[in-house]
Amino acid sequence: VRAPVRWAWSAASRWLCACTLSALTHIPVALSQTEASTQLAVDIAPQPLSRALENLAHQSGLEVVYLSDVIQDQTTQGAPAGTAARDALAQLLDGTGLTFRYLNARMVRILTGEAPLETVVVIGTRLMPARPAVAAPTDAERLRLTAFDEEIEQRIARGQLLYGRAELDSYLQRIAARLLSADGSEAGCVGVRVIKGADASAFALSNGSIYVTTALLESLGSEAEVAAVLGHEITHYANDHVLRGLREEDRRTLVARSASMLAWLAVGVAEKHAGLASPHTTAQVPDQVLRMWARASMTGYSENLEREADDRSVRRLIAAGYDASGAVTALRHLSEQVPPGRFVNPPPLYASHPQLARRLSSYRDLLAGRLATAVAAGGELRRSEYAAQIAGLHLDQVAILLQAGDFDRADTTLDAVIGADSARAEFLRGEIARRRDPGAPAGSARALAAYERAVRLPDPPAEAFREQGYLYWRGGDFAAARAAFASYLARAPQAADAPMVRSYLEQPPSGSSSTKAGAAP
Amino acid sequence: MRILILIIASAALGGCAALSYTLVNPGAAAVANASMTISPSGEWNRAPSSAEPTRNEENWTRNGFMLDRIQFVGALPDGQALVKQREKADRQVPTFHPTMTPTDLTSMVESMYRIGGRAKVFTTTSVKPVTFLGQNGVQFDYDFVGDDDIRWRGRSVMAVASGKLYLMTLNGTSLHYFDAALPEFNAMVASAAVR
């Protein structure tokens, strides 16, 4: 443990006298009891230690943090399924020269073997550092920021992207207010809203609007995790990151222009020297260069600003009484969502940051180092409250992915929905099977089976009857098709495709000789 | 030698024709790799064949593709998609099968706009039975907002004949151009025949 460490007891009491704590060993023994009972579901194979620890975190929910120089190229012999998380961790570290210590019930720190069980001197001070001094925007900058905000918000409106569940927006707003109270900021200075999205993302505008996508909420598991994301975005807003990003962009553009001018001048000089100078060779800045820089600047904030947002978000999380493990878990969950090498579009958002792994490492460093003692008090995860708030969102996300044509992720998301035995879930299962390869016999059979299950459950979607009808018709079961079509029209008489469905019912009772499987009767 | 020069010149001229827009005059015209004939009543501009994404497709415009477009897809065989897509893309437009239901066909067209065309909003306004090329077909009306935030309206008319898909689509900006072209488009649909 490196001392002195800056920390605070709570948001209400940010100032502390100097005090001493005994080594952290006493706190975690009792706290660790809950985690010790979590057992590995599958074996962790012999492999590099860092990957094995990821696996342990994935299986047990126990977040493992360490300073980045502690774990390098060590390997582990693994641990078998059925081992308690605490014992599994001991087995993974066996022979590596490393030890571990619980920071709180859900977070454990890896230490080098020779680390002494020292007495830690804690110097009480502000957990939340003062905001960096940023020169107020000029009129021109204010105009650009406003124009940027308006453009984004108009695009959200025109694209009908708002998810539109007011109670979910309010819930997220309450979390933001709790985080803002950490440094006495006004609760209403940011406004959080959920937008529909196939990819996990969040972003803040300079006017205080924060948007999080349904995919992001769907991939997180607790209120502490979403608080970590919101804390990150609040910092982008509160610490003027958009303005600072804009200024960085201007500097880069200037550098690009200068570099480009120098390059063109060099070419001109070389050509002149070689007697090749043409009257058309001028020191112009190619538009392409400027556009390239502008684009680069929009692929996210600079690493410094991202680091600052990570640092402040963890501090805010702790000060607001959340368990800091939420920050690591959130990033771990998001990195599990993004396939390696995939760059999510649009870019300037939380989960799309190309260096998720590096940021995960940065969080671990922070929690195992400067904030190690601050996390000892633990805090709330609020898993059940979060689960209750996003209960209806999972199936909506399946529908969003289905609409986006991402059948694999729609399938995976649906499989992960707990208790996905509702009529809507079965209908979506049928839709995935049908749309994956429309018209193919195997997919159609799976789809029909799912639609049949859907219509037997309470409150089935009308479309389940329609699809059932089409598939029965194609299979030559005209009586069953008619019954299904009639059920559809009874439930959705004004549907946009009601005339199409009605045309099937207007066919002779035995179907039609011209009706082979396909488009229309 | 003269013959050789003549052949090269002809080939070059032919190439030029394939690279530029051509005027379509009123009267019968073969479209979509000569798989269909239709009879426009006015003049249209045919996009160069080199610009078409697949050999089964042909596109016409009257006022420019930013304002209106008629798309012809002729004789699309089983297992092919309406758009050219990357094999390993995680979001694919479904491929055509002759056994597709009306919902399969309309969702395939919707996917073409959502995935291939990056439509942000896509709304189905009507799905009706229609006779097209002498077959029972589907008339699919919709509107959508593209990446450029412009609202478009569209009508796709499609039918399966001899196991192949035939499709005609009119897209126009919802302000003026869709409505302006719709009567002529409907007349073209009525005049369409498989070659």
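Student: Leaving aside its neighbours within four places in sequence, which residues is Leu230(A) in contact with?

Tutor: This is a predicted model, and in it Leu230(A) touches Leu172(A), Ile175(A), Ala176(A), Leu179(A), Val192(A), Ile210(A) and Val212(A), sequence neighbours within four places left aside.

Student: And which helix is Leu230(A) in?

Tutor: Helix H8 of chain A, residues 223-238.

Student: Is Leu230(A) buried or exposed?

Tutor: Leu230(A) is buried, because its relative accessible area is 0%, and the cut-off for buried is under 20%.

Student: How far is Leu230(A) from Ala484(A), going by C-alpha atoms?

Tutor: Their C-alpha atoms are 47 Å apart, and 254 residues separate the two along the chain.

Student: OK, what about Arg312(A), is that one buried or exposed?

Tutor: Arg312(A) counts as buried, with 15% relative accessible area. You'll find it in helix H11 of chain A, which covers residues 303-319.

Student: What does Arg312(A) contact, leaving aside neighbours within four places in sequence?

Tutor: With those set aside, Arg312(A) contacts Met128(A), Pro129(A), Ala130(A), Thr235(A) and Asn239(A).

Student: Which ring does the charged end of Arg178(A) sit over?

Tutor: The ring of Tyr322(A), with 3.9 Å to the ring centre. Chain B has a case too: Arg69(B) lies over the face of Phe65(B), 4.2 Å from the ring centre.

Student: Switching to strands: in what sense do E7 and E8 of chain B pair?

Tutor: Antiparallel, over eleven bridges, with E7 at residues 121-132 and E8 at residues 135-145 of chain B. Val121(B) stands opposite Val145(B) in E8(B).

Student: How many residues lie between E7(B) and E8(B) in the hairpin?

Tutor: Two, and Leu133(B) in that turn has a positive phi of about 55 degrees.

Student: What's the strand order in the open sheet of three strands?

Tutor: E2-E3-E11 in chain B, with antiparallel pairing. Strand E2 (29-31) and strand E11 (193-194) are the edge strands, each pairing on one side only. E2(B) pairs with E3 (residues 36-38) of chain B over three bridges, and there Ala29(B) stands opposite Ile38(B).

Student: Now the interface. How many residues of each chain are in contact?

Tutor: 35 residues of chain B contact 37 residues of chain A. The two chains bury about 2700 Å² between them, with 51% of it on carbon and sulfur atoms. Of the area that chain B buries against chain A, Arg91(B), Thr103(B) and Asn136(B) supply 19%, more than any other three residues.

Student: How many salt bridges are there between chain B and chain A?

Tutor: Three. One of them joins Asp104(B) to Arg474(A), with the closest N and O atoms 3.9 Å apart.

Student: Which residues of helix H21 of chain A are buried?

Tutor: In H21 (residues 498-505), buried residues are Ala498(A), Met500(A), Val501(A), Ser503(A) and Tyr504(A). The buried residues of H21(A) pack against helices H19 (462-474) and H20 (478-491) of chain A, plus helix H2 (102-116), E7 and E8 of chain B.

Student: What share of each chain is buried?

Tutor: For chain A, 51% of the 521 residues are buried; for chain B, 50% of the 195 residues.

Student: Of contacts between residues at least 6 apart in sequence, what share joins residues at least 24 apart?

Tutor: In chain A that share is 69%, and in chain B 47%.

Conventions
Residues are numbered from 1 along each chain as its sequence is written. Chains are lettered from A and ligands numbered from 1 in the order in which they are written. This is a predicted model: local features need pLDDT of at least 70, side-chain atom pairs count only at pLDDT 80 or more; totals for chains, interfaces and linings use all residues. Side-chain values use heavy atoms; hydrogens and water are left out. A charge sits over a ring if NZ of Lys or CZ of Arg is within 6 Å of the ring centre and within 35 degrees of the ring normal. Helices (H or I, at least four residues) and strands (E, at least two) are DSSP runs, numbered from the N terminus. Buried means under 20% relative accessible area, exposed over 50%, partly exposed in between (1.4 Å probe, protein chains only). Contact means heavy atoms within 4.5 Å. Two strands pair if DSSP finds at least two bridges between them. Buried area is the accessible area (1.4 Å probe) that two parts lose on being put together, summed over both. A salt bridge is a side-chain nitrogen of Lys or Arg within 4 Å of a carboxyl oxygen of Asp or Glu.
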